[in-house]
Amino acid sequence: MAPASLEHANITVANLERSTQMLIDLFGWHVRWKGPSKDGGTTAHVGSDDQYIALYSKGSDSTMDNTYETIGGLNHIGVVVDNLDAMEAKVKALGYQTHNHGDYEPGRRFYFDDHDGIEFELVQYD
């Protein structure tokens, strides 16, 4: 039996179009599916052909809690990239601030928070 693999994570965002476009612009992903979802909301599956992030929105802005203090909360989303320096330039060009840079075995990383306060970790393995 083959080991299981992660297909997707589902997160709630305030503005579905803005979050979708950010993922497309940064990572070169595409919308795999978009349609109506629970409680009158809309979901978009944004990613590659094999893996994606499901973005869910009810269509209205909401406040976000500090997920690091919430049991079961989302702490960050990790994305592997080929060129960390080029990705940092793209992140900054979109107006996001990077933080917590680190070199560690076996690679390098940095983090940024998007417009909803969702933290992304970008990592390049050597």
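Guide: The questions that follow concern the overall fold and then the salt bridges. This is a predicted model, in which local features need pLDDT of at least 70, side-chain atom pairs count only at pLDDT 80 or more, and totals for chains, interfaces and linings use all residues. Residues are numbered from 1 along each chain as its sequence is written, and side-chain values use heavy atoms, with hydrogens and water left out.

Visitor: What makes up the secondary structure of the protein?

Guide: The protein has two helices and eight strands, arranged along the sequence as β-α-β-β-β-β-α-β-β-β. Helices (H or I, at least four residues) and strands (E, at least two) are DSSP runs, numbered from the N terminus.

Visitor: Why is the pair of aspartate 116 and arginine 18 called a salt bridge?

Guide: A salt bridge requires a side-chain nitrogen of Lys or Arg within 4 Å of a carboxyl oxygen of Asp or Glu. The closest N and O atoms of aspartate 116 and arginine 18 are 3.7 Å apart, so the pair qualifies. It links distant parts of the chain, for aspartate 116 lies in the loop between strand 7 (107–113) and strand 8 (119–125), while arginine 18 lies in helix 1 (residues 16–27), 98 residues apart.

Visitor: How do you know whether aspartate 116 is buried or exposed?

Guide: Buried means under 20% relative accessible area, exposed over 50%, and partly exposed in between (1.4 Å probe, protein chains only). Aspartate 116 has 8% relative accessibility and therefore counts as buried. Arginine 18, at 38%, is partly exposed.

Visitor: Why are lysine 92 and glutamate 88 said to be separated by about one helical turn?

Guide: They are said to be so because they stand four residues apart in helix 2. Lysine 92 is partly exposed at 49%, whereas glutamate 88, at 14%, is buried.

Visitor: How many salt bridges does a search of the whole structure find?

Guide: The search finds four salt bridges.
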